[in-house]
Amino acid sequence: MNVWNKVFYALIAVLCVGFTVLAANKYSLTKEWDAKIEAQNAKIAQLQEEIAALQIALDGNPLKAAETWDELGLRVQRDRLDALFRGDVFFNCAPLEALTFEVDKDPITQDSILGAKIAFTVPATYGLSAFADAGTDAFRQGSVAYVFDSGFVAGAEATETENVDDETVAETAEVAAVEPRYLGAFKFVGAAETQANLESVGILTEEELTAIQESQQSGRAWIVCVDRLPMNAAAPDVASLIEADPTTFADLSEETKTYFQTAKPKAHVSELFPGLCDASQFVDYQSVLARKLETRETEALLKARRSLALQDLTRVLVDQLVSIGAEVDEATQALYAAEDFEAAAARKLVPSYTEQQATLDAELEKMEGYRDLAKSKLEEAQARVAECQAAIDATLAENVRLASEIAQAQIALAENAKQKSENGGEPTTAFALSGI
């Protein structure tokens, strides 16, 4: 066997061994990764099931009507529990100040959009540490507070429901200056000891700002409801709820259980101030107020859009009036401001139609002058042409007469010459014959 054949066989054997090792490694690696991918797919499927179960736990099963507490979903349960905790309510607050500040500027008129900064003190029985600048519960900073004018003088003691006779109710009712009314929504920006500082939320109208300042200056007490508005309906029977579904409240803290078991309708204003205000004055307007505020913001946006459209139409109107340049009647002038018309006149780039008409009228008058001048010159020329024609006619007639006389003289001269030639005498000259 040739030595090169042996070398070739040896190389083939080495390549076969290497290929076998690579194939074995690839098989092992593929098997390992297939196992990992299968494990990851199983984990993804498990996570998807857990996400679906968590979604149902949060929002409830959308395909089934909730029949028990557990089927409501955590969000609904939390909302219902939040409805039981009516938030903080501060009664008999003494207003200190009600100032205005610039929130923003109107995008069209650039007028200041004002908000209100208010401050009030609460009775010493209340604590404002949660709303303080460096309070332990700093998250309460920015809490929304709904402020009401209670209608009675600040400092008047609230009467309790028990042991209240008709005379006390009548005497207390006499201090009420106005009916209780809603002043607006505010947010806490700071508090110290018994004083709270708040700023208005959203856009306030001039009437609302005036009402807030009037209420502060009147000295009437304020009722401040934090986070939620009060209810005028009786508080729910919490004890019956706990007895009906004890497992639902099993995981609650002792403090929360104690609250539920001893809960009183503290937000029921008519019980705290009997005779001072009708219970229907303070109802659970939480959702109603939210919808109204949303509607108000929507209407404010619509108003801004319409104001922009009106501004565009006004700009078009004044631009057209400036372009026309004619006198504007009073009814049309009432549609725009004088400064709008002045601005349109300042940005005018070409003469108005009236100015162009006046220019054309001046040019026309000038051209009519040229026309009349040319007409007079033409008539003068025509007269001169007529005179020249008459002179030419006279000259022609004279020329004809002279030609006739010359012809007669020449004929006479020719006849004379003929006679003289026949008689042998001297011919008569043409001058002699012509008589010149």
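The model is predicted, so to speak of ground rules: local features need pLDDT of at least 70, side-chain atom pairs count only at pLDDT 80 or more, and totals for chains, interfaces and linings use all residues. Numbering starts from 1 along each chain as its sequence is written, and side-chain values use heavy atoms, with hydrogens and water left out.

**Stop 1: the barrel.** Switch to cartoon and pick out the six strands of a closed barrel, in the order β1-β2-β5-β4-β3-β6, with antiparallel pairing. Strands here are DSSP runs of E with at least two residues, helices are runs of H or I with at least four, and both are numbered from the N terminus. Two strands pair if DSSP finds at least two bridges between them. On average, neighbouring strands of this sheet are turned by 45° against each other, direction ignored. Axes are lines fitted to C-alpha atoms, for helices over the stretch in contact, and angles run from 0 to 180 degrees between N-to-C directions.

**Stop 2: around β4.** Select 181–192 for β4 and 144–153 for β3; six bridges join this antiparallel pair. Val144 has Lys187 in β4 as its bridge partner. The β4–β5 hairpin has two residues between its strands, and Glu193 in the turn shows a positive phi of about 55°.

**Stop 3: helix α4.** Now select 206–218: α4 has 13 residues and spans 18 Å from first C-alpha to last, close to the 18 Å expected at 1.5 Å a residue (expected span is 1.5 Å times one less than the number of residues). Show Leu209, Ile212, Ser215 and Gln216, its buried residues (buried is under 20% relative accessible area, exposed over 50%, partly exposed in between, with a 1.4 Å probe and protein chains only). Looking down the axis of α4, they fall within an arc of 130°, so they line one face; the arc uses directions from the helix axis to the C-beta atoms. Turned away from that side are the exposed Glu206, Glu207 and Gln217. The buried residues pack against β1, β2, β3, β4 and β6. Just past the helix, Gly219 takes a positive phi of about 85°.

**Stop 4: Phe120.** Finish in strand β2 (residues 112–121) with Phe120, which counts as buried because its relative accessibility is 0%. Its contacts (heavy atoms within 4.5 Å) include Trp222, Val224 and Leu198. Pro95 is 25 residues away in sequence, yet 4.2 Å from Phe120, C-alpha to C-alpha.

Conventions:
Lists of a residue's contacts leave out its neighbours within four places in sequence.
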